[in-house]
Amino acid sequence: MRRSYLLPLESSGDRALCGGKASGLASLLHHGFRVPPGVCVTTRAYIDTLRAAKLNPDEQWARAKRVSETDPERILEEYRTRITSLTIPHEVLRPLESALDAISQAFTSNAAALWAVRSSATNEDDAMRTFAGLYRT
């Protein structure tokens, strides 16, 4: 895995790479709004993790569409189970841990850092509509 899997929030404007929420926050930052520091785990991390595990979402979706009306749910649930059982690769985890440590050190309080984790599918939000809550984090 050679690609950049993590981007600083201010560099996360590409919706296809970072999703609508990160893209929107990057836009706010570029327009001078105050936004808490953050990082974006890109779609590259997701895609390469699936490939390394020999999981192909296009093939699974095509398979689910080919089966009878009662089976797509079962097939998609099997695939979801396989995905959620994956371990985050070190190529993703190490830079993420480092970035979160750096952000934590920027806060001066002695309290433990609190984090907000947001997910955003690349097709979830756009200029004309939002599908917030459609996907699970």
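**Exercises on a helix pair and its chain**

P57, Q60, W61, R63 and A64 in α3 meet P72, I75, L76, E78, Y79 and R82 in α4, where contact means heavy atoms within 4.5 Å. The model is predicted: local features need pLDDT of at least 70, side-chain atom pairs count only at pLDDT 80 or more, and totals for chains, interfaces and linings use all residues. Residues are numbered from 1 along each chain as its sequence is written, and side-chain values use heavy atoms, without hydrogens and water.

**Exercise 1.** Sort the residues in the contact of α3 with α4 by class.

*Solution.* Ala, Val, Leu, Ile, Met, Phe, Trp, Tyr, Cys and Pro count as nonpolar, Asp, Glu, Lys and Arg as charged, and the others, Gly among them, as polar. The contact has 7 nonpolar, 1 polar and 3 charged residues.

**Exercise 2.** State how α3 and α4 are oriented to each other.

*Solution.* Step 1: the axes of α3 (residues 57-66) and α4 (residues 72-84) come within 9 Å and cross at roughly 160°. Step 2: angles over 145 degrees count as roughly antiparallel. Step 3: α3 and α4 are therefore roughly antiparallel.

**Exercise 3.** Describe the protein chain by its elements and burial.

*Solution.* Step 1: from the N terminus, the order is β-α-β-α-α-α-α. Step 2: of the 137 residues, 24% are buried.

Technical notes: Axes are lines fitted to C-alpha atoms, for helices over the stretch in contact, and angles run from 0 to 180 degrees between N-to-C directions. Helices (H or I, at least four residues) and strands (E, at least two) are DSSP runs, numbered from the N terminus. Angles under 35 degrees count as roughly parallel, over 145 as roughly antiparallel, 65 to 115 as roughly perpendicular and the rest as oblique. Buried means under 20% relative accessible area, exposed over 50%, partly exposed in between (1.4 Å probe, protein chains only).
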